[in-house]
Amino acid sequence: MAILKDADGSDFQIISGMVAPDGTVSKGAGFRTSKLKNGTYLIEFDRPFRDQPIPVATIAGHEWTTLDKSIAVLMNDPNAVVVGTSTDNQPADCGFTFMVSGAI
């Protein structure tokens, strides 16, 4: 987690981390996670953003376990994001990395 100043001098927060397939935090700070159901993860921010932040997420893991997986941001608001991981036809647990940034 980092707090920086943007061009206007306002505080800007960047939170990044890694989440395990079971929904636990593998790396990172400034957030907590929980697995809502198969392939669906809630990431809550310790310090909320002022407005809707900008999330980016990517599948993480060995090639043979992630080749058929995709990831999507299902919900995004100042307090939390929900991320979904899936195969081509159903939700599936998978580790992922993420970064969320925005004004605070």
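Biologist: How many salt bridges does the structure hold, and how do I read one?

Modeller: Side chains of opposite charge can pair when their charged atoms come close. The cut-off here is a side-chain nitrogen of Lys or Arg within 4 Å of a carboxyl oxygen of Asp or Glu. By that rule this structure holds six. Bear in mind that this is a predicted model, where local features need pLDDT of at least 70, side-chain atom pairs count only at pLDDT 80 or more, and totals for chains, interfaces and linings use all residues. Residues are numbered from 1 along each chain as its sequence is written, and side-chain values use heavy atoms, with hydrogens and water left out.

Biologist: Which residue pairs with K5 in a salt bridge?

Modeller: D11 does, at 2.8 Å from N to O. K5 is exposed at 57%, while D11 is partly exposed at 26%.

Biologist: Where does R50 come in?

Modeller: R50 meets D51 through their side chains, with N to O at 3.9 Å. Both ends are partly exposed: D51 has 49% relative accessible area and R50 has 48%. Salt bridges can also share partners, and that joins R32, E44 and D46 into one network.

Biologist: What does D68 pair with?

Modeller: K69, in a salt bridge of 3.1 Å, N to O. D68 is partly exposed, with 45% relative accessible area.

Biologist: And T87: buried or exposed?

Modeller: T87 counts as buried because its relative accessibility is 16%. You'll find T87 in the loop between β8 and β9; strands are DSSP runs of E, at least two residues, numbered from the N terminus. Contact means heavy atoms within 4.5 Å.

Modeller: In soluble globular proteins, nonpolar side chains tend to be buried together. A nonpolar core is a set of buried Ala, Val, Leu, Ile, Met, Phe, Trp, Tyr and Cys residues joined through side-chain atoms within 4.5 Å. The largest one here has 13 residues, and I15, I43, F45, F49, F96 and F98 touch the most other members. The elements giving two or more residues to this core are β2 (11-19), β5 (40-45), β8 (80-86) and β9 (96-103).

Biologist: What is F98 in contact with?

Modeller: Beyond four places in sequence, its contacts include I15, I43, F31 and V56.

Notes: Buried < 20%, exposed > 50% of the residue type's maximum accessible area, 1.4 Å probe, protein only. Helix = DSSP H or I, 4+ residues; strand = E, 2+ residues; numbered from the N terminus.
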